[in-house]
Amino acid sequence: MNKTGSYPRSFSHIGITVPDIEKAVKFYSEIMGWYVIMPPSDVTEESDTAIGQMCIDVFGKGWGTFKIAHLSTSDGIGVELFSFPTTKAEKPKFDPFNTGLFHFCVQDPNIEELTEKIVAAGGKQRMPIREYYPDSKPYKMVYVEDPFGIVFEIYTHSYELTYSSGAYSE
């Protein structure tokens, strides 16, 4: 804890809206290996249950119904998938220069194999796999897209190891 009383909070989950929740669950469970905690389920706009009221609080009124699924990564980070009847099957605009979520990152020591699986499943490799320190450290990264155009990054090593003190020195 620092002098202001702040401490590092843990990351709990991320919510992703997709046009086809069944296809998204299949991609993220089969290609990424994430555990399905709750398969696609319907949520209806109503204020008689806690979940119904929470969704009205978050989305406002008039959304009617949507589907939700819950997955988990190997280290317990949750992934909520949402699909609304009004969700369009168009890829989100890639604009990292504006405020907002730009990407998320996963870690896999076999970056080449995972990238190939993503592409084979309808995703996209956005750049060549790059080495941070060619010939000295094995740290690699690549940006990819899932089949819905959601951009994410893959690292071969942990964030802390990649960016720790001395990481950029040879």
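This note describes the fold, the strand pairing and a few individual residues of the structure above.

1. Basis of the model. The model is predicted: local features need pLDDT of at least 70, side-chain atom pairs count only at pLDDT 80 or more, and totals for chains, interfaces and linings use all residues. Residues are numbered from 1 along each chain as its sequence is written, and side-chain values use heavy atoms, with hydrogens and water left out.

2. Overall architecture. The chain has four helices and nine strands. Here helices (H or I, at least four residues) and strands (E, at least two) are DSSP runs, numbered from the N terminus. Read from the N terminus, the order of elements is β-α-β-α-β-β-β-α-β-β-β-β-α. The C-alpha atoms occupy a box of roughly 60 × 50 × 30 Å along the principal axes.

3. Annotated region. An unreviewed UniProt entry places the feature "domain: VOC" at residues 10–157. UniProt positions are given in the numbering used here, feature names are shortened, and annotations may be inferred rather than shown by experiment.

4. Of the 170 residues, 34% count as buried. Buried means under 20% relative accessible area, exposed over 50%, and partly exposed in between (1.4 Å probe, protein chains only). A contact means heavy atoms within 4.5 Å. Among contacts in the chain with a separation of 6 or more, 57% come from residues 24 or more positions apart. The chain exposes about 10,800 Å², of which carbon and sulfur atoms supply 54%. These areas come from the Shrake-Rupley method with a 1.4 Å probe; for residues, only the protein chains shown count as cover.

5. Charges. The chain has 15 positive and 23 negative charges, and their mean positions are 5 Å apart. Lys and Arg count as positive and Asp and Glu as negative, while His and the chain ends are not counted. The place of a charge is taken as NZ of Lys, CZ of Arg, CG of Asp or CD of Glu.

6. Strand 1. In a regular strand the side chains alternate between the two faces of the sheet. Strand 1 (residues 13–17) has Ile14 and Ile16 on a covered face, whereas His13, Gly15 and Thr17 make up an uncovered one. Strand 1 runs parallel to strand 4 (residues 78–83), joined by five bridges; two strands pair if DSSP finds at least two bridges between them. Ile16 has Leu81 as its bridge partner in strand 4, and Gly15 has Glu80.

7. Strand 3 (residues 65–72) pairs with strand 4 in the antiparallel sense over six bridges, and Leu71 stands opposite Val79. The two strands form a hairpin with five residues between them, and Gly76 in the turn has a positive phi of about 85°.

8. Strand 8 and its partners. Five of the six residues of strand 8 (residues 140–145) are buried. Strand 6 (residues 124–125) pairs with strand 8 in the antiparallel sense over two bridges, placing Gln125 opposite Val144. Strand 7 (residues 130–131) also pairs with strand 8 in the antiparallel sense over two bridges, and here Glu131 stands opposite Lys140. Strand 9 (residues 151–155) runs antiparallel to strand 8, joined by five bridges; Glu145 has Val151 as its bridge partner. Strands 8 and 9 form a hairpin with five residues between them, in which Gly149 of the turn has a positive phi of about 90°.

9. Phe11, in the segment before strand 1, counts as exposed because its relative accessibility is 55%. Pro39 belongs to strand 2 (residues 35–44) and counts as partly exposed because its relative accessibility is 48%. Leaving aside residues up to four places away in sequence, Pro39 touches Ile68 and Ala69; the C-alpha atoms of Pro39 and Ala69 are separated by 5.1 Å. Val119, in helix 3 (residues 111–120), is partly exposed, with a relative accessible area of 40%. With the same exclusion of residues up to four places away in sequence, Val119 touches Lys124 and Gln125. The C-alpha atoms of Val119 and Val144, 25 residues apart along the chain, are separated by 8.5 Å.
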